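The points below are intended to be read beside the model.

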Amino acid sequence: SSGGVRSAIAETAETVFTDQFTREERAVARRIFLRLTELSDETSTADTRRRAKFNELILKPEDASVTHAVLKALADARLIITSEDSAEVAHEALIREWPTLRGWLEENRASLRLHHQLTEATQEWNALGQSVDMLYRGARLGQAREWASTHGDEMNKLECDFLNSSIELSEREAQAREEQRQRELEAARKLAESERRRAEEQTKSAKHLRKRAVYL
């Protein structure tokens, strides 16, 4: 009567999301489910579940209590599975069958993919001791900055630190390149001035020799 296991899972999710959560909690739940979903790519044809640590799901320290409350409610409803420090979707059928989640995923997959790439890059950067070699540069940094300008409230602290460090490095490198360019311009100016003076001296010397020739 419930339409099978898949439909029952979707119905449970919609009931919990609509009836149990406040507006703030619904926003947190949406963020959690989007982060717990691995988007399909050229190697996979379907979206799948993804495990995420709590410190990824909690964007700011002041969000910790409401995030944990939402996680507990979702776990109690058997929609997600939690461990000591992480969570994942309990059934991939939820990702495929819950229309609300499908709608979130289809709203802007390109934006979600950019965010997921930023999350993965941030975690790799942090795992390698926040090495500058792992920071964004060039076009990737430009895309991330453009995305963050309208989605900054979806980033957690570590992602903000990663992007800010990337921006600071880019600005330092740009400043270093500009300083190098100015040094090269100054060197070229001095060389040109030296060549000009040498040419003037050669011209004067040639005039002097011509005068001597006339006198002689």
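1. Aspartate 47 touches Thr37, Glu38, Leu39, Ser40, Ile95, Arg102, Leu105 and Arg109, leaving aside residues up to four places away in sequence; contact here means heavy atoms within 4.5 Å. The model is a predicted one, in which local features need pLDDT of at least 70 and side-chain atom pairs count only at pLDDT 80 or more, while totals for chains, interfaces and linings use all residues. Residues are numbered from 1 along each chain as its sequence is written, and side-chain values use heavy atoms, with hydrogens and water left out.

2. The position of aspartate 47 is in the loop between strand E1 (37-38) and strand E2 (48-49). Helices (H or I, at least four residues) and strands (E, at least two) are DSSP runs, numbered from the N terminus. Aspartate 47 has a relative accessible area of 5% and is therefore buried, a class defined as under 20% relative accessible area with a 1.4 Å probe, protein chains only.

3. The side chain of aspartate 47 reaches the backbone nitrogen of serine 40 at 2.8 Å. With the side chain of arginine 109, aspartate 47 makes a polar contact of 2.7 Å. A polar contact is a pair of N or O atoms within 3.5 Å; within protein, one must be able to donate a hydrogen and the other to accept it, and residues adjacent in sequence count only if both atoms are side-chain atoms.

4. The largest pocket holds about 370 Å³ of space. A pocket is an open set of points on a 1 Å grid over the protein atoms alone, where a 1.4 Å probe fits, with protein on both sides within 12 Å along at least five of seven lines; lining residues have an atom within 4 Å of a point. The volume is the space filled by probe spheres set on the points, which are joined across faces, edges and corners.

5. Of the 18 residues lining the largest pocket, Ala27, Arg31, Leu59, Asp153 and Glu154 lie nearest its centre. Helix H2 (23-35) and helix H7 (109-127) each supply at least two lining residues, and H2 gives the most, seven.

6. The second largest pocket has a volume of about 310 Å³. Its lining also numbers 18 residues, with Lys53, Asn55, Glu56, Gln123 and Leu158 closest to the centre. H7 contributes the largest share of this lining, four residues.

Technical notes:
Buried < 20%, exposed > 50% of the residue type's maximum accessible area, 1.4 Å probe, protein only.
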